[in-house]
Amino acid sequence: MWNYGKTTLLLLAGALTLAGCGQSGGGNADGAPPSASASDADQPAASPSSSPSAEPTQAPVEITFYYPVNVGGPLTKVIDGMAADFTSKHPDIKVKPVYTGNYGDNTVKIQAGIQAKQPPDVAVMMSTELYSMLDTDAIVPLDDFIAKDADFDMADFYPAFLEDTQTEGKTYSVPFQRSTILLYYNKEMFKAAGLDPEKPPQTWDELVAYAKKLNRDGHNGLEIPGNDDSYWMFQMFARQAASDPKTNIMSADGKKAMFDTPENVAALQFWIDLSRKYKAMPEGIIDWAAVPTDFIAGKTAMMVHTSGNLTNVKNNAKFDFGVAFPPANKQFGSPTGGGNLYIFKDASPEKQAAAWTFVQYMTAPEQAALFSSSSGYVGVRKSAYDTDAMKTYTAGFPQALVARDQLDYAFRELSTHNHGKVSSALTNQIQAALSGQTDAATALKQAQQEAEQALAPFNK
Amino acid sequence: MSAGWIERARRNAFGWGLVLPSLLFLGLFTYYPMLRTARLSLFEQDLATPKPLFVGLGNFAALLKDPVFLKVLGNNAWYAVGTVPASIALAFAMALFADKAVRGRTFARVAFFYPNMIPMIAVANIWLFLYTPHFGLLARLASWLSGQNVSLLGDPHTVLGAMIAMAIWKEAGYFMIFYLAAMQQIPKDLFEAASADGARKWTALRRITIPLTMPTTLFVAVIAMTNAFKLVDHLWIMTKGGPNHASSLLLYHIYETSFQFYDQGMAAAMTVAMIALLLLLSALQVFGWDRSIHYD
C-alpha cells in the first residue's frame, strides 16, 4: 500500500512539475520567435516613423491589442474596422484585437497577464491605472517614440487629456476614448415648467431653483448618480466650489490626497443638500446606470452624467434634449474620464515599435474623428474637429461640441499610487455621507485618513 | 504471508487507480492553489511591496483590526442567518405542496424550481429591475408601504435585506428538489397507519415527515450555509458592495482586495480565514447534528 501511495504522490508531483514547466515553457516559446525574427526584420518595424511600404514577403509582426468592451458590443465593429484598415496600410504589422469586457475585467486580465509574463503588447486602460502600472513595472514611457516620430504632434492633443498621461516628466500613454461630465436637460419639460429651453442653469443657485420648478408632473427635477465611482462626481463639485482654478483633490505626482479641505467639505455638503435640504433631487444614493434610463424615460428633467451617454440619449430619447456645462459655483469644472493607450514592457522591442505605429495611427486626426463620431466619446485632438467627418457629425449633432468646449475647464481624474484603495476610501465615505450615515466633514476626514494610510509606503 | 500482502496491494492499487484521475485534478486545481494561498497569506505583497516580504501572522493580526473586514464578516453572518433557515423552511413548504397537490403538480414543481435554473447574473439583472426606483415592482411596493420614494439598493439599511430576499427566492427551489425526493421515499403505509390511529395531519407531519427528512435537512443546511459564502456574483451587477460596504460579502471583498487593490497577501489571508470558517461550520453541522438524525 505504501508503495502505491508513494507512486501516486510521485505521479502527482510529476504532474505538478509538468504543469509548472508548461507555464514557463510557454513563456519562453512566446518570447523566442520575435527575438529570432529581430535579425531579419529589424529595419522596417524597428523605426516607428518608417514608411508603411514594407516588402510584403516578410512575416508580419503580430501585436495583441486588449480593448475593454464586451464581445459583440457595438464598438467591436468600429475597432475591428480600424484595425483592419491599419493592417491594410501597414502590411508588416498584424493587429489582433481582444475584447475583454468592461474596464475592470480588462484590467484584471492585463494584471494576470503581467504576472504570467504574457501581457498584451498594447491596450486601452483607464487613465487612472497609470500608477498601478508603474508600480508593477508593466508599461514603458513613450517619450523616445514621440521624439522620433515626426507625424506625432503632442501639442495637437487637448491639454486636459494629456494631464493624466504624464508623471514626473515622462509620458506613459496616449489619450484615446475620453469623456467629461455634462448636464443633460429635457427641453420639453423646461417649456412645461415655464423655463426657457435654450437657457440651462449656469450656477448652483440656478440649478437648485430650476430643479425645484421641474420637480412636477410625477418626474424628478434632477438626478446625479451617487454610486460606482462616486469620487468622479465629487471631483466635479470640488472644482466648482474651489476658488483656485488649478486645484485638485490629489497631488500631480499621485502621492498625496487632499480630500478634507474646507472647500471640498462645502462641495460634498452641496451635493447632500441638493436632496436633503433643497429637495431638488431624490434622497439617498441614485444608481449610476438608472440615471440615463430615468432621463430617457422622462422620469427626470435634468441629469448630470458622463458625455459617454450622448449617443445613448441621442438614439433613445423621444424628446428634444440639450446639454450644457454642469453649473458653476466659483468656476466651471469637470474631471475628464475614460481610457488611454498604453504599451507594455514585456513585449519585444519590435513589437513595441509596431505597437507605437498602431497607437499613432489610432489617434491620428482622421481616426480620432471616426472614433469620436461613431462612439460619442470626445475627440482627443484639435485637428480631429477640422476633418470633414467630424464637421458633418457635429453639424447634425451640435451637443457633441459642448463636451469638447468644456475641456477648457476640465482636469485630471483622481489618480494616485495604490489607486484602488485610495479611490474606494473616498467613494465609500461619499456614499456614507449621501445616505445620511455620517456628515460631510467626518466622511472626508475619514477618507483622508484611509488614503494617507494607503499612500504612506509611497512617501517614504 | 507474502501472498496476502500482494493481494492487498493489488486491491489497494485498484482503489487508488479509481481515485487517481479526480485526485489529480483536485490536487492540481484545488489543493495545490490552496497550499500556495496559505503560503502567500504569510507574506506582505501589494503595490508598495512588489517583492514578497515575510510577515508571519501579521496579515491575520491586521485583519482583526480592519473595520472593513469586520463589517464584511458581520454582513456575511447576517446574510447567512437571513437566507439559510428561511430558504430551507420555504423549500420544505414548497415540497409539501408539490408533493401533495393533485392538480397542477407538474406546474407547481416547474414554477418552484425555475429560479434555480437561471444563472445568478441573470437573476441579479431581473431583481435589479424589480428594485429600480420608479419602475420596479418591489421598489413601487416599498414606496407605497413607506409613503415616500425609497431606493432599496441605495440605502445602507435596506440593501442587505433586499439581497437576502433575492437569495431566498433563488435558492429555495433548488432545496425543494431534495425535499421532494426525500418525501417520496417515505413509505405511504406509515401515513396510512397514522391516520388509522386517528393522528391528525399536523401530527403526521411532525412525527413522520419532519424526522424522516432530517438527513436531507442536514445536507441542505450544509449546502445553504456554504452558498451563503460562495454566491456573490450578484454584487457585481447590483451594488458593487455599496453603499459604503453595506452589502459587501466576504468573497466579494476578497476579490476586491486582490484585483482592485492588488493587495495579494491580505487577500490570501482572508481566503484562508474563509476556508477555515467554512470547514468549521460544516464540521459543526455534520458532527453536531448527526446524532439527532434518524437514518433508516
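1. The axes of helix H10 (residues 230-241) and helix H18 (residues 419-434), both of chain A, come within 8 Å and cross at roughly 75 degrees. That makes H10(A) roughly perpendicular to H18(A) (65 to 115 degrees counts as such). Axes here are lines fitted to C-alpha atoms, for helices over the stretch in contact, with angles from 0 to 180 degrees between N-to-C directions. Helices (H or I, at least four residues) and strands (E, at least two) are DSSP runs, numbered from the N terminus.

2. A caveat: this is a predicted model, where local features need pLDDT of at least 70 and side-chain atom pairs count only at pLDDT 80 or more, while totals for chains, interfaces and linings use all residues. Residues are numbered from 1 along each chain as its sequence is written, and chains are lettered from A and ligands numbered from 1 in the order written.

3. Back to that crossing: Ser230(A), Tyr231(A) and Phe234(A) of H10(A) meet Ser423(A), Leu426(A), Thr427(A), Ile430(A) and Gln431(A) of H18(A) (contact: C-beta atoms, placed from the backbone, within 7 Å).

4. Strand E9 (residues 300-306) of chain A has seven of its seven residues buried, so the rest of the structure largely encloses it (buried: 20 or more other C-beta atoms within 10 Å of its own, with C-beta atoms placed from the backbone).

5. E9(A) pairs with two strands (pairing takes at least two DSSP bridges). Strand E7 (residues 181-186) of chain A runs antiparallel to E9(A) over five bridges, with Leu183(A) partnering Val304(A). Strand E8 (residues 220-223) of chain A is parallel to E9(A), joined by three bridges; here Leu222(A) stands opposite Met302(A).

Terms used: Angles under 35 degrees count as roughly parallel, over 145 as roughly antiparallel, 65 to 115 as roughly perpendicular and the rest as oblique. Two residues are in contact if their C-beta atoms, placed from the backbone, lie within 7 Å. A residue is buried if 20 or more other C-beta atoms lie within 10 Å of its own, exposed if 12 or fewer, and partly exposed in between; C-beta atoms are placed from the backbone.
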